Amino acid sequence: MEEILSSDTAWRQLSQMFLAIFFFHSSEYVLAIIFHGKFNVPLSSLLISKQYVMAMGCCIIEYLFEFALFPQLKEHWWISNIGLIMVVIGEIIRKVAIITAGRAFTHLIKIYHEDHHELVTYGIYGLVRHPGYCGFFIWATATQIMLCNPFCTLAFMLVTWRFFSTRIPYEEFFLRQFFGSQYEEYSSRVPSGVPFIK
């Protein structure tokens with residue numbers, strides 16, 4: 001353990017991971033307050049669930065285990081740097097999505113149409129239908145690439161993909177109810193933003 005604590009590699013990679021997590025969740029919460037008001041934003045808008053904490057715990061365990069047994073695995077700086085760049089790209093995509101959608105962006109799927117609810121098809125939504133999900137998919141996978149965690153990279157990619165493979169169709173069921181042919185036309189020409197999800 002002392003070797004891990006004295007390693008520049010471990011300090012750099014773990015500090016980048018914890019900073020990425022802190023920035024992601026605090027900025028999500030702040031943006032939710034800006035667009036929906038302080039009293040309309042529960043702490044669940046921090047997007048931290050029991051499963052999420054377990055996943056992050058697993059990634060730290062993998063990192064420490066591999067660092068102790070195979071420290072050279074963590075020394076692939078070009079892989080770690082690609083992960084860091086992807087973390088920033090995923091973060092930017094997600095935050096641009098939130099800012100572009102404004103009040104239309106929520107962390108909970110709306111099952112009833114509200115007066116202020118509009119179909120956003122401009123800006124980043126002109127490139128992908130679900131840029132928030134696209135950004136999170138990139139960000140979550142990239143945090144593990146940044147740590148050079150091969151097992152959690154694959155696991156995070158599969159778990160987030162599976163989550164979005166059910167969430168996107170569920171959300172789009174309601175979007176089709178709210179916006180009808182306008183949404184059908186939009187979804188026929190703009191990809192979802194998550195690989196292999198139509």
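Colleague: What is the chain like over residues 51-70, helix or strand?
Modeller: Over residues 51-70 the chain is 95% helix and 0% strand, with the end C-alpha atoms 27 Å apart; helices here are DSSP runs of H or I with at least four residues, strands are runs of E with at least two, and both are numbered from the N terminus. Please keep in mind that this is a predicted model, in which local features need pLDDT of at least 70 and side-chain atom pairs count only at pLDDT 80 or more, while totals for chains, interfaces and linings use all residues. Residues are numbered from 1 along each chain as its sequence is written, and side-chain values use heavy atoms, with hydrogens and water left out.

Colleague: Which residues does UniProt list as "transmembrane region"?
Modeller: The unreviewed UniProt entry lists residues 17-39, 51-70, 76-93 and 136-164 under that name, given in the numbering used here, with feature names shortened and annotations that may be inferred rather than shown by experiment.

Colleague: And how far apart are the end C-alpha atoms over 136-164?
Modeller: They are 10 Å apart, although the chain over residues 136-164 is 90% helix and 0% strand.

Colleague: New topic: which residues have the most contacts inside the largest nonpolar core?
Modeller: They are Met 17, Met 56, Cys 59, Trp 139, Phe 164 and Val 194, in a core of 26 residues; such a core is a set of buried Ala, Val, Leu, Ile, Met, Phe, Trp, Tyr and Cys residues joined through side-chain atoms within 4.5 Å, where buried means under 20% relative accessible area, exposed over 50% and partly exposed in between, using a 1.4 Å probe and protein chains only.

Colleague: Which helix gives the most to this core?
Modeller: Helix 5 does, with seven residues, and 15 of the 16 residues in helix 5 are buried.

Colleague: What does Cys 59 contact beyond its sequence neighbours?
Modeller: Leaving aside neighbours within four places in sequence, Cys 59 is in contact (heavy atoms within 4.5 Å) with Met 17, Gln 144, Leu 147, Asn 149, Cys 152 and Phe 156.

Colleague: How many aromatic pairs are there?
Modeller: A search of the whole structure finds eleven, where rings of Phe, Tyr and Trp (its six-membered ring) pair if their centres lie within 6.5 Å, and planes under 30 degrees apart count as stacked, over 60 as edge-to-face and the rest as tilted. One of them, Tyr 133 with Phe 164, is stacked at 4.7 Å centre to centre and 25 degrees between the planes, and this pair links helix 5 to helix 6 across 31 residues.
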